[in-house]
Amino acid sequence: MKKLIAILAVVLLMTGCSDARVKVTSSSTTLLTVGTEKITKGEIFSSFMNRYPSEAVMNMATKLILAKQVPVDAAIKAVADEKLAEAKEKWDDEFADFLSAYGYETEQEYYDNELIVTAQTDALTAKYITDNYDTLIATYKPRKIRVIQTSTQEKAVAAIKEIKEGANFEATATKYSSTSYKGKEQIVTTESSLFAAALTFATGATVPTLSTAIEDSTNKVFYVVQVTVADPAKFKDEILTTLNSDATFQKKAMLSFFEAGEFTVYDKTVYDEFKSYYAEYLNQK
């Protein structure tokens, strides 16, 4: 697919649009030969159109946005170099097998198409969050919290009592909480995956506070939530780091640049498939 995208980019530069269907000019032009067999521009384009064209278009559009907004520079390369070194250390003698398992024929291909792109995506997300910080804070209300989940209301009430009397929250969580909640401090936003009522309590707090027992009647458990820091200004650097690594905000960043770039698909076949898989990225009517 990666090689097809590179070839297709050349093909698309030489296409026109008629009745919302892309036409390939000089479709009989040979682009590749395999032995005595010739592969034409038209055959490559047909193959593309029959094999998930929306995925290829999405990849190309993403790379165009990344190249424009966060060009590959020394900082991007430094991040990619570090990740490559980590991967080689982790996989050691099996590094070649690791590359093959993920569809990469060479280390350079992995570096260019995975590590560099990931570093650029992280940089793009950081740019988006920094540029829109105040709006994001007002909308998604990051808070620092601790959570205990208990199997009964009695255990939740007992935990609250001990915490109010000065008990260590994590120690109390070890005593009463499920294996999923260890009482460790974490950052949440309105997009986090905590039980809705518990999350509403946390993100709605304006000062450090401790909840009562919050019931999840569907799953028959109870939550105790302690908001440790309610003012985002007090942990801005941590917020930036957390949001930057959050897939939700990475997607929001990319969506914003697709919209700003007035991303448009002209071919109806590609448009229809793109709408099925990537509808949020389409801005056209």
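Asn283 touches Phe258, Glu259 and Phe263, not counting residues up to four places away in sequence, where contact means heavy atoms within 4.5 Å. The model is predicted, with local features needing pLDDT of at least 70 and side-chain atom pairs counting only at pLDDT 80 or more, while totals for chains, interfaces and linings use all residues. Residues are numbered from 1 along each chain as its sequence is written, and side-chain values use heavy atoms, with hydrogens and water left out.

**Overall composition**

- The protein chain has 13 helices and nine strands, these being DSSP runs numbered from the N terminus (helices H or I, at least four residues; strands E, at least two).
- Of the 285 residues in the protein chain, 38% are buried, a term that means under 20% relative accessible area, with exposed over 50% and partly exposed in between (1.4 Å probe, protein chains only).
- Among contacts between residues at least 6 apart in sequence, 64% join residues at least 24 apart.

**Asn283 and the segment after helix 13**

- Asn283 lies in the segment after helix 13 (268-278), and its relative accessible area of 34% makes it partly exposed.
- A polar atom of the Asn283 side chain lies 3.4 Å from the backbone oxygen of Phe258.
- Between Asn283 and Gly261, which are 22 residues apart along the chain, the C-alpha atoms are separated by 9.9 Å.

**Ser177 and its surroundings**

- Ser177 lies in the loop between helix 9 (169-176) and strand 6 (186-188), and it counts as buried because its relative accessibility is 15%.
- A polar atom of the Ser177 side chain lies 3.0 Å from the backbone nitrogen of Gln149, and a polar atom of that side chain also lies 2.7 Å from the backbone oxygen of Tyr181.
- Leaving aside neighbours within four places in sequence, Ser177 is in contact with Ile148, Gln149 and Thr172.

**Strand 5**

- Strand 5 (residues 143-150) is largely enclosed by the rest of the structure, because eight of its eight residues are buried.
- Both faces are covered, with Arg143, Ile145, Val147 and Gln149 buried on one side and Lys144, Arg146, Ile148 and Thr150 buried on the other.
- Strand 5 runs antiparallel to strand 6, to which three bridges join it, and two strands pair if DSSP finds at least two bridges between them; Ile145 stands opposite Gln186 in strand 6.
- Strand 5 also runs antiparallel to strand 9 (residues 221-229), with seven bridges joining the two, and Lys144 stands opposite Val229 in strand 9.

**Helix packing**

- The axes of helix 6 (residues 107-131) and helix 12 (residues 247-260) come within 9 Å and cross at roughly 80°, where axes are lines fitted to C-alpha atoms, for helices over the stretch in contact, and angles run from 0 to 180 degrees between N-to-C directions.
- Residues of helix 6, including Asp122, Leu124 and Tyr128, meet residues of helix 12, among them Phe249, Lys252 and Phe257.
- The axes of helix 3 (residues 53-69) and helix 13 come within 8 Å and cross at roughly 80°, which means that helix 3 is roughly perpendicular to helix 13.
- Pro53, Ser54, Glu55, Val57 and Met58 in helix 3 meet Val270, Glu273, Phe274, Tyr277 and Tyr278 in helix 13.

Technical notes: Polar contact = N/O pair within 3.5 Å; in protein donor to acceptor, adjacent residues only side chain to side chain. Parallel < 35°, antiparallel > 145°, perpendicular 65-115°, else oblique.
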